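Student: I would like to learn how to read a structure like this one. Please take me through it feature by feature.

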Amino acid sequence: MNTLQDVLEHELKDLYSAETQLIEALPKMAQAAQTPKLKQGFEKHLEMTKEHKRRLEQIGRDMGIGLEGETCKAMQGLIKEGESLIKEEKPGIARDAALIAAAQRVEHYEMAGYGSARTYA
């Protein structure tokens with residue numbers, strides 16, 4: 001990466017990968033959630049994530065860049081952490097609390113990425 005344009009493109013590709021991975025992970029989190037309100041929260045977040053991905057695709061088209069081909073390793077790790085909670089913890093309030101914490105980590109990662117991309121743009 002030699003220019004801020006290069007950094008922006010990298011950030012957009014990273015975000016695209018992260019959103020794509022989340023689209024696969026959120027239904028699993030919703031299914032694992034015990035409380036109906038948390039299930040609904042994950043389902044709502046899934047719809048928002050799909051919209052974020054659509055917006056990134058539009059940005060890629062507008063900028064003339066392909067967003068596919070990179071893998072966001074950080075999101076892979078965050079999702080893997082969430083999946084291990086689902087496998088290792090028994091259903092209930094404690095697992096729901098752990099799922100919320102995992103989801104907050106994901107959100108903070110996304111906020112940092114989108115904030116950086118906005119600044120570079």
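Tutor: Start with a definition: angles under 35 degrees count as roughly parallel, over 145 as roughly antiparallel, 65 to 115 as roughly perpendicular and the rest as oblique. The axes are lines fitted to C-alpha atoms, for helices over the stretch in contact, and the angles run from 0 to 180 degrees between N-to-C directions. Some ground rules also apply. This is a predicted model, in which local features need pLDDT of at least 70 and side-chain atom pairs count only at pLDDT 80 or more, while totals for chains, interfaces and linings use all residues. Residues are numbered from 1 along each chain as its sequence is written, and side-chain values use heavy atoms, with hydrogens and water left out.

Student: How many helices and strands does the protein chain have?

Tutor: Helices (H or I, at least four residues) and strands (E, at least two) are DSSP runs, numbered from the N terminus. The protein chain has four helices and zero strands, in the order α-α-α-α from the N terminus. Its C-alpha trace spans about 50 × 25 × 25 Å along the principal axes.

Student: How do I describe the packing of two helices?

Tutor: Two packed helices are described by the angle between their axes and by the distance between those axes. Here, helix α3 (residues 73-88) packs with helix α4 (residues 93-120) at an angle of about 175°, the axes being 9 Å apart. α3 and α4 are therefore roughly antiparallel to each other. On the α3 side the contact (heavy atoms within 4.5 Å) includes Ala74, Met75 and Leu78, and on the α4 side it includes Arg95, Ala98 and Leu99. By class this contact has ten nonpolar, one polar and four charged residues. For these classes, Ala, Val, Leu, Ile, Met, Phe, Trp, Tyr, Cys and Pro count as nonpolar, Asp, Glu, Lys and Arg as charged, and the others, Gly among them, as polar.

Student: At what angle do α1 and α3 cross?

Tutor: The axes of α1 and α3 cross at roughly 10° and come within 10 Å. α1 and α3 are therefore roughly parallel to each other. Among the residues that meet are Ala18, Gln21 and Leu22 in α1, and Met75, Gln76 and Ile79 in α3. The residues of this contact divide into eight nonpolar, two polar and two charged.

Student: How many salt bridges does a search of the whole structure find?

Tutor: Side chains of opposite charge can pair when their charged atoms come close. A salt bridge is a side-chain nitrogen of Lys or Arg within 4 Å of a carboxyl oxygen of Asp or Glu. The search of the whole structure finds five salt bridges. One of them joins the side chains of Glu83 and Lys28, at 3.6 Å from N to O. Glu83 is in helix α3 and Lys28 in helix α1 (residues 4-32), 55 residues apart.

Student: Which helices hold Arg105 and Glu81?

Tutor: Arg105 forms a salt bridge with Glu81, with the closest N and O atoms 3.6 Å apart. Arg105 lies in helix α4 and Glu81 in helix α3, so the pair ties together parts that are 24 residues apart in sequence.

Student: What of a pair within one helix?

Tutor: An α-helix has 3.6 residues a turn, so residues three or four places apart point the same way. Lys50 forms a salt bridge with Glu47, their closest N and O atoms being 3.7 Å apart. Lys50 and Glu47 are three residues apart in helix α2 (residues 36-63), separated by about one helical turn.

Student: Is Ser17 buried or exposed?

Tutor: Buried means under 20% relative accessible area, exposed over 50%, and partly exposed in between (1.4 Å probe, protein chains only). Ser17 lies in helix α1 and counts as buried, at 8% relative accessibility. Ser17 touches Glu70, Thr71 and Cys72, not counting residues up to four places away in sequence. By contrast, Lys28 is partly exposed, at 43%, and Glu83 is partly exposed, at 28%. Of the 121 residues of the protein chain, 37% count as buried.

Student: Which residues of α2 are buried?

Tutor: They include Leu38, Phe42, His45 and Leu46. What covers the buried residues of α2 includes α1 and α4.
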